[in-house]
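Try each task yourself before you read the solution.

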Amino acid sequence: MGHLSNDEFFTKLTELFDQRKGKDHGSIILVQKRRMSSSPCSYTLPPTSDAIFPDLHPPKPMPVVIKATNAKGKERRQDKVKLSTVVEPDSLAAFFEKYAEVCKSGMTTLKPRDRSKRKGKGKKKKGAAGGP
């Protein structure tokens, strides 16, 4: 599946959050990373350079890939939804404004995880094993 346009991505991401509305469990995974081109870097640094990681300072800004999925496992792979879009450096600010808006509105409808069971098991009383 190819990358969606930014507007299509927001529409599908809203639908993905709406699918989780009212469900007892499930996850939505959001990932952001720099898009590396398939061709090797067109710039090289001399071998005597002090730069340890030359790819941390590219000569021009790079696009960002934003991905979202509903995290279905192998058993339910047919139900898995994968979304991705590429955001160009000049439109990052506008994209992230709308992205934050969509994520905030979608996350308010999600049910928070019940962590009370985990906390109860982790606490133990100190005075039971020791003596005076």
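This is a predicted model: local features need pLDDT of at least 70, side-chain atom pairs count only at pLDDT 80 or more; totals for chains, interfaces and linings use all residues.

Residues are numbered from 1 along each chain as its sequence is written, and side-chain values use heavy atoms, with hydrogens and water left out.

**Exercise 1. Work out how many helices and strands the chain has, and in what order the elements run.**

Step 1: Count the DSSP runs, taking helices as H or I runs of at least four residues and strands as E runs of at least two, numbered from the N terminus. You get 3 helices and 3 strands.

Step 2: Read them off from the N terminus, and the order is α-β-β-β-α-α.

Step 3: Check the burial too. With buried meaning under 20% relative accessible area, exposed over 50% and partly exposed in between (1.4 Å probe, protein chains only), 20% of the 132 residues count as buried.

**Exercise 2. Find out where Thr85 lies and which side chain makes a polar contact with its side chain.**

Step 1: Locate Thr85 in strand E3, residues 82–87. Thr85 counts as buried because its relative accessibility is 0%.

Step 2: Look for a polar contact, a pair of N or O atoms within 3.5 Å; within protein, one must be able to donate a hydrogen and the other to accept it, and residues adjacent in sequence count only if both atoms are side-chain atoms. The partner is the side chain of Asn6, at 2.8 Å.

Step 3: Now bring in Leu4, from the segment before helix H1 (6–20). Leu4 and Thr85 sit 81 residues apart in sequence, yet their C-alpha atoms are 5.0 Å apart in space. Leu4 is buried because its relative accessible area is 15%.

**Exercise 3. Is Thr69 buried or exposed, and which backbone oxygen lies 2.9 Å from a polar atom of its side chain?**

Step 1: Follow the side chain, and you'll find the backbone oxygen of Val81.

**Exercise 4. Work out how far apart the C-alpha atoms are for Arg35 and Val86, and for Ser91 and Pro63.**

Step 1: Start with Arg35, in the loop between E1 and E2. Arg35 and Val86 are 51 residues apart along the chain, and their C-alpha atoms are separated by 7.9 Å. At 38% relative accessibility, Arg35 counts as partly exposed.

Step 2: Go on to Ser91, in the loop between E3 and helix H2 (92–108). Its C-alpha atom is 9.5 Å from that of Pro63, 28 residues away along the chain. Ser91 is also partly exposed, at 28% relative accessible area.

**Exercise 5. Which residues make the nonpolar surface patch of about 370 Å²?**

Step 1: Pick out Ile52, Phe53 and Leu56.

Step 2: Check Phe53, in the loop between strand E1 (29–34) and strand E2 (64–69). Phe53 counts as exposed because its relative accessibility is 53%.

Step 3: Compare the rule: patch residues have over 30% relative accessible area and no salt bridge, with like charges joined within 9 Å and nonpolar side chains (Val, Leu, Ile, Met, Phe, Trp, Tyr) within 5 Å. Areas come from the Shrake-Rupley method with a 1.4 Å probe, and for residues only the protein chains shown count as cover. A salt bridge is a side-chain nitrogen of Lys or Arg within 4 Å of a carboxyl oxygen of Asp or Glu.
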